[in-house]
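The following paragraphs lead the reader through a protein structure, moving from a single residue to its wider surroundings. Please keep the sequence and the model in view while reading.

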Amino acid sequence: MCARPLTRLLPLVVAMTLWATPLAGWADRHDDHDRARAALQAGDVLPLDRVLQQVAQSHPGQVMAVELEREQDRWVYELKLLQPGGALLKLEVDAKTGEVLRRKEKRH
């Protein structure tokens with residue numbers, strides 16, 4: 001699967017997440033967004049499209065959810081992918097290097 005459809009799906013996933021999320025706590029999420037943007041500008045994280053391209057090479061699937069979180073001393077992208085065959089794959093990816101740190105698969 002090429003990475004191009006993954007990057008096209010991302011705006012839809014983000015829009016659906018924003019629509020489904022209650023407004024309570026919006027200020028905290030807004031601060032998180034600013035921190036994530038600053039991390040990207042500082043070079044502390046790779047752009048999401050680049051990470052998705054890297055991940056797609058070894059973990060094909062449709063992107064269902066994306067989160068960027070600060071865990072201990074590093075930024076981590078948490079990705080949920082629906083793989084061919086229906087398995088749900090959760091990946092934790094080092095946001096600075098694109099290295100997959102953890103992989104958890106759920107089969108139905």
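Apart from residues up to four places away in sequence, Glu-92 touches Glu-71, Val-76, Tyr-77, Glu-78, Glu-99, Val-100, Leu-101 and Arg-102, where contact means heavy atoms within 4.5 Å. The model is a predicted one, in which local features need pLDDT of at least 70 and side-chain atom pairs count only at pLDDT 80 or more, whereas totals for chains, interfaces and linings use all residues. Residues are numbered from 1 along each chain as its sequence is written, and side-chain values use heavy atoms, with hydrogens and water left out.

Glu-92 belongs to strand 3 (residues 88–94); helices (H or I, at least four residues) and strands (E, at least two) are DSSP runs, numbered from the N terminus. Glu-92 counts as buried because its relative accessibility is 13%; buried means under 20% relative accessible area, exposed over 50%, and partly exposed in between (1.4 Å probe, protein chains only). The side chains of Glu-92 and Arg-102 are joined by a polar contact of 2.4 Å. Such a contact is a pair of N or O atoms within 3.5 Å; within protein, one must be able to donate a hydrogen and the other to accept it, and residues adjacent in sequence count only if both atoms are side-chain atoms.

Ala-95 is located in the loop between strand 3 and strand 4 (100–106). Ala-95 counts as buried because its relative accessibility is 0%. Beyond its neighbours within four places in sequence, Ala-95 is in contact with residues including Asp-44, Leu-68, Trp-75 and Tyr-77.

Tyr-77 has its own set of contacts: leaving out residues up to four places away in sequence, its partners include Val-51, Val-66, Leu-91, Glu-92 and Ala-95. Tyr-77 also has a place in the largest nonpolar core, where, of 16 residues, Val-55, Tyr-77, Leu-79, Leu-91 and Val-93 touch the most other members. A nonpolar core is a set of buried Ala, Val, Leu, Ile, Met, Phe, Trp, Tyr and Cys residues joined through side-chain atoms within 4.5 Å. At least two residues of this core come from each of helix 3 (48–58), strand 2 and strand 3.

In helix 3, the buried residues are Leu-48, Val-51, Leu-52, Val-55 and Ala-56. Viewed down the axis of helix 3, these buried residues fall within an arc of 135°, so they line one face of the helix; the arc is that of the directions from the helix axis to the C-beta atoms.
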